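This report considers side-chain contacts that involve aromatic rings and charged groups. The structure is shown first, and the contacts are then described in turn.

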Amino acid sequence: MRVIAQRTLRAFWESKPEYADVKGPLEAWYREAKQARWFAPTDVKAQYRNASVLKNGRIAFNIAGNKYRLVVHIHFETGIVFIRFVGTHKQYDRIDADTI
């Protein structure tokens, strides 16, 4: 898959010292996503059982032991993953993950 954009992940873990613990898990997710060949939401669920399939092609991942959430929009036809949101669960609760 082509993941757009890694800098969004980096910007998050660099934004506050208390977010530094998510660097490793986000880098691992990024590497795995780049290697993946997802053609449908079921492919994502097969690899990440705790991922939540949302509306409008969005999928939410639990990151770093469920401390953080990552929302992506996947365009399965072209193999592109767009990072739409990364944040804590508290921040996630304040967004509409189906439309972000």
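## A charge over a ring

Arg69 lies over the face of Tyr92, at 4.4 Å from the ring centre. A charge is taken to sit over a ring if NZ of Lys or CZ of Arg is within 6 Å of the ring centre and within 35 degrees of the ring normal.

## Basis of the model

The model is predicted: local features need pLDDT of at least 70 and side-chain atom pairs count only at pLDDT 80 or more, while totals for chains, interfaces and linings use all residues. Residues are numbered from 1 along each chain as its sequence is written, and side-chain values use heavy atoms, with hydrogens and water left out.

## Aromatic pairs

Rings of Phe, Tyr and Trp (its six-membered ring) are paired if their centres lie within 6.5 Å; planes under 30 degrees apart count as stacked, over 60 as edge-to-face and the rest as tilted. By this rule the structure holds 8 aromatic pairs. One of them joins Phe12 and Tyr68 edge-to-face, at 5.8 Å centre to centre and with 80 degrees between the planes. Because Phe12 belongs to helix H1 (residues 6-15) and Tyr68 to strand E4 (residues 68-75), this pair ties together parts that are 56 residues apart in sequence. Helices (H or I, at least four residues) and strands (E, at least two) are DSSP runs, numbered from the N terminus.

Phe12 is buried, with a relative accessible area of 8%, and Tyr68 is also buried, at 1%. Buried means under 20% relative accessible area, exposed over 50%, and partly exposed in between (1.4 Å probe, protein chains only). Tyr68 also pairs with Tyr19: the ring centres are 6.1 Å apart and the planes stand at 90 degrees, so this pair is edge-to-face. Tyr19 lies in the loop between H1 and helix H2 (23-35) and Tyr68 in strand E4, so the pair ties together parts 49 residues apart in sequence. Tyr19 is buried, with a relative accessible area of 8%. Elsewhere, ring pairs link Trp29, Trp38, Tyr48 and Phe61 into a cluster.

## The salt bridge

A search of the whole structure finds 1 salt bridge, defined as a side-chain nitrogen of Lys or Arg within 4 Å of a carboxyl oxygen of Asp or Glu. Asp21 forms a salt bridge with Lys67, the closest N and O atoms being 2.8 Å apart. Asp21 is partly exposed, with a relative accessible area of 38%, and Lys67 is partly exposed at 44%.
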